[in-house]
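Reader: I would like to learn how to read a few side-chain features in a model like this one. Could we go through them together?

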Amino acid sequence: MKYKIILFTTLFLMSTFCFGETKLPHVVILATGGTIAGSAASNTDTVSYKAGELGVQTLIDAVPELKNIAQIDGEQVANIGSNDMTSDIILKLSNRVNELLAKDDVDGIVITHGTDTLEETAYFLHLTVKSDKPVVLTAAMRPATAISADGPMNLLEAVTLTSTSEAKGRGVMVVLNDRIGSARFITKTNGTTTDTFKAAEQGYLGVFIAAKPHFETKIDKLHTSNSIFDLSGVKELPKVIILYGYQDDPEYLFDAAIENHVDGIVYAGSGAGSTSVRSDRGIKKAENAGIVVVRSSRTGSGIVPVNKTLPGLVSDSLNTEKARILLMTALTKTKDPELIQQYFHTY
């Protein structure tokens, strides 16, 4: 009888262990490089490092606690600094995310990325991912070799967030420095500090406390499964450039854009998207050439309102770089200015 009890207890514990393992969510980490995978010669050097030195498995192995949170798989999509991110790579990334999330056994995606253009990739995925499953981008402001590297904790929190049921349906999110931000609003605000990502006007979606996510709010703008943008058959994204407004800015930059056959222009105007007399002429010239032009604000926050005395569409509350992402995505569906303007008010 004694041996039967021992055998039963052993079998019960084994089955419980196995059952617990199968219940862990399956999270795929897609790595693209960046500071989180960076390496420097000195552990106090947080500036002169090389981004994208470490592979995805090295990042995973550096955080053994991940195995207690989720079943983890890793893929290396790219290994670059995000200043070298291209339209081709983010299109590839979007397609891979959609491919993975279509599988029943994949519960969410974490993407490691450089901080410099993270918000652009995040917003592109926010528009083009066709699933309510969590997609979370994370990064680091200090390389993996630094004494106080922030990457491991950011990765742990990103996987934790992706593994929670509360993260579903909130669109693409960004996690750094214990903060949870929406891809629609979050932006990099400081070149070197770890608390760089903020949403100045709208605030964060939530925070991490003691390694657990706490949500405070949701966003109303359309995204992910409610987005009309399906890029599954798109091979190349439209060419959209940014022109920056300043005192005495020249008209010939618009001429160069026309000569190079761009599809769209985002003009970062002063104040609430104001134009100079020269940029005003340039925008009208570009529109006459069939180029869609959107006015944004170089201030970095606030709404650019519709002003019928000025040419071009308006970016609503999107900053300049995200306005480029939306215009680029919108142009895969239409060149109708009225419809594109509606997208800017909706997404």
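Author: Happy to! A residue is called buried under 20% relative accessible area, exposed over 50%, and partly exposed in between, with a 1.4 Å probe and protein chains only. This is a predicted model, where local features need pLDDT of at least 70, side-chain atom pairs count only at pLDDT 80 or more, and totals for chains, interfaces and linings use all residues. Residues are numbered from 1 along each chain as its sequence is written, and side-chain values use heavy atoms, with hydrogens and water left out.

Reader: Is Glu-251 buried or exposed?

Author: Glu-251 has a relative accessible area of 19%, so Glu-251 counts as buried. Helices (H or I, at least four residues) and strands (E, at least two) are DSSP runs numbered from the N terminus. In those terms, Glu-251 sits in the loop between strand E11 (240-244) and helix H6 (252-259).

Reader: Which side chains make a polar contact with the side chain of Glu-251?

Author: A polar contact is a pair of N or O atoms within 3.5 Å; within protein, one must be able to donate a hydrogen and the other to accept it, and residues adjacent in sequence count only if both atoms are side-chain atoms. The side chain of Glu-251 has such a contact with that of Arg-281 at 2.9 Å, and another with that of Lys-285 at 2.7 Å. For plain contact, the rule is heavy atoms within 4.5 Å. Leaving aside neighbours within four places in sequence, Glu-251 touches Arg-278, Arg-281, Gly-282 and Lys-285.

Reader: How many aromatic pairs are there?

Author: Rings of Phe, Tyr and Trp (its six-membered ring) pair if their centres lie within 6.5 Å; planes under 30 degrees apart count as stacked, over 60 as edge-to-face and the rest as tilted. That rule gives four aromatic pairs. One of them joins Phe-229 and Tyr-347, with ring centres 5.1 Å apart and planes at 50 degrees, so the pair is tilted.

Reader: Why does that pair tie together parts 118 residues apart in sequence?

Author: Because Phe-229 lies in the loop between strand E10 (212-215) and E11, while Tyr-347 is in the segment after helix H9 (337-346). Phe-229 is buried at 0% relative accessible area, and Tyr-347 is buried at 3%. Phe-229, Tyr-343 and Tyr-347 make up one aromatic cluster.

Reader: What about a charge over a ring?

Author: The test is NZ of Lys or CZ of Arg within 6 Å of the ring centre and within 35 degrees of the ring normal. Here Arg-170 lies over the face of Phe-215, 3.7 Å from the ring centre.
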